[in-house]
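Look at the structure below.

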Amino acid sequence: KWQLLGVIGLLLASMLSSWVAIRWYARKVVSPARQAHFEIVESDTFSRTVIQTAPVALCVLRRADRHLIMQNPLAERMLGDAQAVTQLSEHWGLNPAPAQPDGDVIFHSRHGHTLHGSFASARYRGEAVVLCAFSDISAHKAVEQKLAEASAAKSRFLATISHEIRTPLYGALGTLELLGLTQLTEQQSNYLHIIERSSSMLLQLVSDVLDMSKIEAGEMALE
């Protein structure tokens with residue numbers, strides 16, 4: 001009887017020890033591992049959601065061969081499919097070595113839009129990748145073009161007006177010089193000198209405006 005009770009007690013003790021060991025292992029090892037796995041999955045899902053919903057065109061390329069790993073819908077609309085992205089990436093100046101920094105690039109998309117691209121090195125699933133972000137700057141470039149055209153039109157307008165004003169001023173100054181050679185009273189001579197000085201100042205002002213238009217047009221030669 002005592003031997004049977006001892007065997008039963010040993011069996012119960014072994015079962016209790018096994019249950020305690022299993023509970024301890026589940027609490028200390030299995031639960032943290034499961035929680036870490038859930039966090040990794042959530043982080044990956046969140047990252048993919050951010051990429052897919054970002055208002056910027058994003059794509060990830062394998063650095064070794066510039067193979068497209070993922071891209072969001074906006075990048076697909078701007079750049080095209082995987083083959084088109086790989087072909088475009090040949091002109092982005094991506095460095096094959098991860099240690100070398102990547103810069104920015106401005107290029108035209110397949111739809112004629114002007115895109116500004118920024119690149120950053122990263123690691124994804126054990127591989128060296130490049131995160132590419134693109135923004136459409138077509139409107140900005142269009143505004144720059146309009147401003148340049150407006151500036152050129154202003155310069156042409158100033159140059160034209162200056163030439164048109166100087167022509168009658170030369171005639172007025174020449175006539176005043178001829179008038180000074182005639183018989184004038186002292187009061188008339190004073191009036192004539194005042195008109196001549198005012199006309200000369202106006203001519204100098206017009207010449208300065210013309211010089212400014214030449215400087216803006218890059219046609220002013222300095223000696």
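Glu127 is partly exposed, because its relative accessible area is 30%, and partly exposed covers the range between buried, under 20%, and exposed, over 50%. Keep in mind that this is a predicted model.

What does the side chain of Glu127 meet in a salt bridge? The partner is Arg62, at 3.2 Å from N to O. This pair links distant parts of the chain. Glu127 sits in strand E5 (residues 127-136), while Arg62 sits in strand E1 (residues 57-62). The two are 65 residues apart.

Arg62 also forms a salt bridge with Asp65, with the closest N and O atoms 3.1 Å apart. Arg62 has a relative accessible area of 22%, so it counts as partly exposed. Asp65 is partly exposed too, because its relative accessibility is 41%.

A search of the whole structure finds three salt bridges. Here they are in a table.

| Salt bridge | N to O distance |
|---|---|
| Arg62 and Asp65 | 3.1 Å |
| Glu127 and Arg62 | 3.2 Å |
| Lys141 and Glu144 | 3.7 Å |

Now take the pair Lys141 and Glu144. Both residues lie in helix H4 (residues 138-180). They are three residues apart, so about one helical turn separates them. Why does that spacing matter for direction? An α-helix has 3.6 residues a turn, so residues three or four places apart point the same way. Lys141 has 32% relative accessibility, so it is partly exposed. Glu144 is partly exposed as well, because its relative accessible area is 38%. Elsewhere, salt bridges that share partners join Arg62, Asp65 and Glu127 into one network.

Next comes helix H1, which covers residues 2-53. How far apart are its end C-alpha atoms? They are 73 Å apart. At 1.5 Å a residue, the 52 residues of H1 should span 76 Å, so the two values agree. H1 also bends, by about 40° at Ala26.

Met15 belongs to H1. Is Met15 buried or exposed? Met15 counts as exposed, because its relative accessibility is 52% and the cut-off for exposed is over 50%. Met15 is also part of a nonpolar patch on the surface.

Note on methods:
Residues are numbered from 1 along each chain as its sequence is written. This is a predicted model: local features need pLDDT of at least 70, side-chain atom pairs count only at pLDDT 80 or more; totals for chains, interfaces and linings use all residues. Side-chain values use heavy atoms; hydrogens and water are left out. Patches are made of residues with over 30% relative accessible area and no salt bridge: like charges are joined within 9 Å, nonpolar side chains (Val, Leu, Ile, Met, Phe, Trp, Tyr) within 5 Å. Accessible areas come from the Shrake-Rupley method with a 1.4 Å probe; for residues, only the protein chains shown count as cover. A salt bridge is a side-chain nitrogen of Lys or Arg within 4 Å of a carboxyl oxygen of Asp or Glu. Helices (H or I, at least four residues) and strands (E, at least two) are DSSP runs, numbered from the N terminus. Buried means under 20% relative accessible area, exposed over 50%, partly exposed in between (1.4 Å probe, protein chains only). The expected span of a helix is 1.5 Å times one less than its number of residues. The bend at a residue is the angle between axes fitted to the seven residues ending there and the seven starting there.
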